[in-house]
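Hi everyone, thanks for making time for this. I'd like to walk you through one chain, with the structure up on the screen as we talk.

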Amino acid sequence: MKRGPGQPVLWRLDDGEAPRGPHITLVPGTDAPLLPVDLPATLKGIARERVGRRMLAEALGLPAETVEIRPRLRANAQWDRAIVADAGQLADWRRRLMPGCTGMLPDYAALPCYSGVWTVEVSNGIVRARLGETDGFTAEPELAALLLAEAERPEAILRLGEADGAVDSVLAERGVPVHADTASLENAGAGKPLGWAQATAGLDLMTPPHAGFDRISARLRSWAAPAIAAGLALAVWLGGVAWQTHDLDARARAAQDDTLAMVRAHFVPSGPILDVRAQVDRALADAAAPDAPEPDALVLFQTAAPWLTGEGIELQSIAWQTETGLVASVVLADFAALERVVADLQSAGFEVEQQDTGVRPGGGVSARLHLAAAGA
């Protein structure tokens, strides 16, 4: 691939002698496609990467543990595309990198990148395409023609490399200007290409995607020893709870026992508990006074109960601890239902934090919701 203005030195893996100085290694884009993934906007951070990896692996029919993804990051937006590649293939590529290598990219990512413009190059019977800022692929001409025909229409096309009847026919049908070089494209008003760092952000495959774990480790190292111990204990506890969802009946009984214990401790110290809501309402009314204390854990649970026990919501457990506050474990049909529950709780005056959101092996979505009164 010809080196463009502002680009570092490019070298295709195993293609002759590697440059002696700093360079970028290009690997076959056919083995590292950039694929779309539909994730809710509320899913963020490591949880978003974990769920996205599982969904892309299922779409490709591959075991999740054999797949590595690299999200295509965008400024001020949640990522919705990711490079997907076989983890073993990536490990082999990384072992073959030469001294001086500063990055490893799929070959389509090194094409000139303009906003709203396609860059299409045919070389040695292979098509490499960069479709604006967030998309691209490498494929044989027949498949490339199908992908180009289905992609969103660009403002212009930069056509590089060899002629190809199938590809050029599809490009002509798009009805937009086709330019043979960057000078012609820029003279037509396309502007300057994106800078190298911006055009390749989130596409570097040189190092494994351990950034999330590294961030957690850095935070743990910055805490005092008691805080580290507490955080690790909490992480172990959350992990244990998250992976024991198979025994749903036991969780339901535990949630009921926790509720009754809270009622007994705070509102009905003696006598039978026959109707939790009615007895709590009566106890709160009896205790009302001008200088009454702020509502405690059970008041929060009472207020949240209608939104946590509605149709289609499976409340697995609810617990209160001084360190964590009120935490409810729920199972719903899909992410849309989860977003509706979160929105309802927020409308009811709660601050809601999602924890350990994930897709259940048997279907549905599980999540832990950390609830606090708004402004608390």
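Let's begin at Arg96, which counts as partly exposed at 30% relative accessibility. Please keep in mind that this is a predicted model.

So what does the side chain of Arg96 meet in a salt bridge? Its partner is Asp14, with N and O 2.1 Å apart. Arg96 sits in the loop between α2 (87–95) and β6 (101–106), while Asp14 is in the loop between β1 and β2, so this pair ties together parts that are 82 residues apart in sequence. Asp14 is partly exposed too, with a relative accessible area of 47%.

Stay with Asp14 for a moment, and have a look at its backbone. Its phi is positive, about 70 degrees, although Asp14 is not a glycine. There is another residue like this to show you: Asn124, a residue other than glycine, has a positive phi near 55 degrees. Asn124 is found in the loop between β7 (117–123) and β8 (126–131), and it is exposed, at 68% relative accessible area.

Back to the charged pairs. How many salt bridges does a search of the whole structure find? The count is 12. Another of them joins the side chains of Arg128 and Asp107, at 3.6 Å from N to O. Here Arg128 is in strand β8 and Asp107 in the loop between β6 and β7, 21 residues apart, and the pair links distant parts of the chain. Are these two buried or exposed? Both Arg128 and Asp107 are buried.

Lys192 and Glu186 form a salt bridge as well, their closest N and O atoms being 3.3 Å apart. Lys192 is exposed at 66%, whereas Glu186 is partly exposed at 24%. There is also a network: salt bridges with shared partners join Arg12, Asp107, Glu121 and Arg128.

One more arginine, then. Arg81 lies in strand β5 (residues 81–86), and its side chain makes a polar contact with that of Asp135, at 3.4 Å. Beyond its sequence neighbours up to four places away, Arg81 touches several residues, among them Leu34, Pro36, Val37 and Thr134.

Last stop, helix α9. This helix covers residues 248–266, 19 residues in total, and spans 27 Å from first C-alpha to last, close to the 27 Å expected. Which residues of α9 are buried? They are Arg251, Ala255, Thr259, Met262 and Val263. Viewed down the axis of α9, these fall within an arc of 115 degrees, so they line one face of the helix. On the other side, Asp249, Arg253, Gln256 and Ala265 are exposed.

Note on methods:
Residues numbered from 1 in each chain as written. Predicted model: local features only at pLDDT ≥ 70, side-chain atom pairs only at ≥ 80, totals over all residues. Heavy atoms only, no water. Helix = DSSP H or I, 4+ residues; strand = E, 2+ residues; numbered from the N terminus. Buried < 20%, exposed > 50% of the residue type's maximum accessible area, 1.4 Å probe, protein only. Polar contact = N/O pair within 3.5 Å; in protein donor to acceptor, adjacent residues only side chain to side chain. Contact = heavy atoms within 4.5 Å. Expected span 1.5 Å × (residues − 1). Arc of directions from axis to C-beta. Salt bridge = Lys/Arg side-chain N within 4 Å of Asp/Glu carboxyl O.
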